[in-house]
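Here is a briefing to read alongside the sequence and the model. The points below are grouped by topic.

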Amino acid sequence: MHVGLEQYLTVSFLLFALGLLGVIMRRNLLVIYMSLELMLNAANLALVAFSRFNNKLDGQVLVFFIITVAAAEVSVGLALIVALYRRRQSAHVEDLTGLKL
Amino acid sequence: MNASLMFLEIWVVALGIVMMLADFFFCVTPERKRFLAYLGIAVLGVLFLELLGPDAPTGTAFHGAFVEDSMAIFFKRFFIIAAILVLFLSSEFSDSVPGGILEFYSLIIFALAGMLFAASSNDFVMLFVSIELITVTFYVLVSYQRARLLSLEAGVKYLIIGALSSAFMVFGIALIWGTAGTMNFTELAQVAPQFLDNKIFLTGVIFLFAGLGFKIAAVPFQIWAPDVYQGAPTPATAFLAVGSKAAGFVLLLRVLFTAIPAVTARWADFLIIVSALTILYGNLCALPQRNLKRLLGYSSISHAGYMLLGVAAISASGQSAVMYYLAGYLFTVVAAFTVIALVMQHLDHEDVSALAGLNQRSPLLATTMTLSMVSLAGIPPLAGFFGKFLLLKAVIEQGLSTPNHGYYCLTFVALAGILISFYYYFGVIRAIYWSKDTRDLSPIPLSGGAKFLALLCIAGMFWIGIFPNTVLNLANAAAFGFK
């Protein structure tokens, strides 16, 4: 079977949807954060596939930027989640109820 | 290659690094820390005068990815003034920021660098990187008081929703680039009309809106705003309210009117609905609020809605109204947060009732807060009135020149929103002057810097409201030159 752009895009959409589902359904901050990374990587896959099939390199360059920025985001994000965990002894979103009306 | 256009950004990044390293090399006493903040403000002031004067160079660099036009210059001036005011405010707030106020200053300056790049971005790579530079810096700024649980909680909420919206944005960029084949806004404008019925392209545009809508806190991406405004340290909230929102707007204007004008022209109804919902949501939810910062969070949603009026008008006068409104909003919001920071710094709550008797405790702060609320409500002669007038004028003009009746409904919704907002803005003023239970009437000690900042904000509000010509001419030049 020939694997074309359509197949790559389908996988990428599936990954994105799975990530989104994880963000919405899961209750643990770390798992939510992993799902967010999955969504970013779905975008990376789409960019690389488009790059390959359109014979243009801009998309692959953007992928490098996304990987770098995601690394920065993770380092800040994990530090934040750890700081919260130290204070609350929990990484569950149900416990984030200090800010409301 | 024309890297000299980027001098301003390079200087700002260098200033941020120096500020961060200063902690290692100086034995820093509180006086020296304040001195370093003033030094940073002075450097930003010099950069403003030297590099953003009337004869600032224009052009493009990096194959059209970085553009310096009149709109970029308008927003860069705006961002530098915002950063100067926020640095001033942070230097007054330093008691409440344990563990290194200097890093706090340098993070503000790095966020400023992101905003400056955002003002000049003409390419999706640039858009993505600058927006992330702003957002990641704000994750740290929002959760900076890490001994306070609320600050951490606000930071985590901002982190999750921010990362979610940037994932949407990146996926949108991937789809747009995959179909249209170009990342550059100017080139995209030429090919976009071919893709008006391409579903993948339009999905990409919607996903991109999710990312930008998050930055400006427009419905349906506004959920984070009240929580984050309430939990963040007050100077960070002020910078979030003016800087980050304006960065979202400059990118929104660039994307809608430089990159995909063909799609924008078709989607007027969509913009009208988003604007109307944002105005109604912000104003209605602000009504029952007692926490002052949370109230301003909802009010900032409604102001994003007002500014979307100018975007929905899809005209150059609408864009110039947005820019004028942002300029007035800057001084108004910083004034409000200055008062909140000074009055509530040592209290354990930020309830509206803490303002009781403020007119006896500190007449200057009471005046500042009153003027700020009056300007937010949009009463002449302050900045907020003329801005709202221009936005509504742009919408009505567009309603007259197109057969779309949505514009009249939008005008009506906006007026209703403004009327509703009188209730909660005047609730704050009533708490200052006519509160019955005034327990604490001790005068509030004000440093010279705090007085200066309050007077500066009052002067800004009056100047933009009574003499609108200077700012309006700049905004018009930016909007019409940009067309």
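**Ile176(B) and its setting**

Ile176(B) sits in helix 6 of chain B, residues 149–180. Helices here are DSSP runs of H or I with at least four residues, strands are E runs of at least two, and both are numbered from the N terminus. This is a predicted model: local features need pLDDT of at least 70, side-chain atom pairs count only at pLDDT 80 or more, and totals for chains, interfaces and linings use all residues. Residues are numbered from 1 along each chain as its sequence is written, while chains are lettered from A and ligands numbered from 1 in the order in which they are written.

- Is Ile176(B) buried or exposed? Ile176(B) counts as buried because it has 27 C-beta neighbours inside 10 Å. (Buried means 20 or more other C-beta atoms within 10 Å of the residue's own, exposed means 12 or fewer, and partly exposed lies in between; C-beta atoms are placed from the backbone.)
- Leaving out residues up to four places away in sequence, Ile176(B) touches Phe201(B), Gly204(B), Val205(B) and Leu208(B). (Contact means C-beta atoms, placed from the backbone, within 7 Å.)
- Leu85(B) is 91 residues away from Ile176(B) along the chain, and their C-alpha atoms are 38 Å apart.

**Domains of chain B**

- Chain B has domain 1 (1–260) and domain 2 (267–483). The bounds come from an automatic or database domain assignment.
- The C-alpha centres of the two domains of chain B are 21 Å apart.
- Across the boundary, 37 residues of domain 1 of chain B are in contact with 41 residues of domain 2 of chain B.
- On the domain 1 side, the elements giving two or more residues are helix 3 (70–92), helix 9 (224–231) and helix 10 (234–259) of chain B. Helix 10 of chain B gives the most, with 13 residues.
- That domain 1 side divides into 26 nonpolar, seven polar and four charged residues. (Nonpolar: Ala, Val, Leu, Ile, Met, Phe, Trp, Tyr, Cys and Pro; charged: Asp, Glu, Lys and Arg; polar: the others, Gly among them.)

**Helix 3 against helix 10 in chain B**

- The axes of helix 3 and helix 10 of chain B come within 9 Å and cross at roughly 170°. (Axes are lines fitted to C-alpha atoms, for helices over the stretch in contact; angles run from 0 to 180 degrees between N-to-C directions.)
- Helix 3 of chain B is therefore roughly antiparallel to helix 10 of chain B. (Over 145 degrees is roughly antiparallel, under 35 roughly parallel, 65 to 115 roughly perpendicular, and the rest oblique.)
- Helix 3 of chain B contributes residues including Phe75(B), Phe78(B) and Phe79(B), and helix 10 of chain B contributes residues including Pro235(B), Ala238(B) and Phe239(B).
- By class, this helix contact has twelve nonpolar, two polar and no charged residues.

**Chain A**

- Chain A has three helices and zero strands. Its pattern along the sequence is α-α-α.
- The radius of gyration of chain A is 17 Å, well over the 13 Å that the globule rule gives for 101 residues, so chain A is more spread out than a compact globule. (The radius is taken over C-alpha atoms; the rule is 2.2 Å times the number of residues to the power 0.38.)
- Along the principal axes, the C-alpha atoms of chain A fill a box of roughly 50 × 25 × 25 Å.
- Of the 101 residues in chain A, 34% are buried.

**Chain A against chain B**

- The contact takes 33 residues from chain A and 34 residues from chain B.
- Helix 3 of chain A supplies the largest share of the chain A side, 15 residues.
- The chain A side divides into 25 nonpolar, four polar and four charged residues.

Terms used: Two residues are in contact if their C-beta atoms, placed from the backbone, lie within 7 Å.
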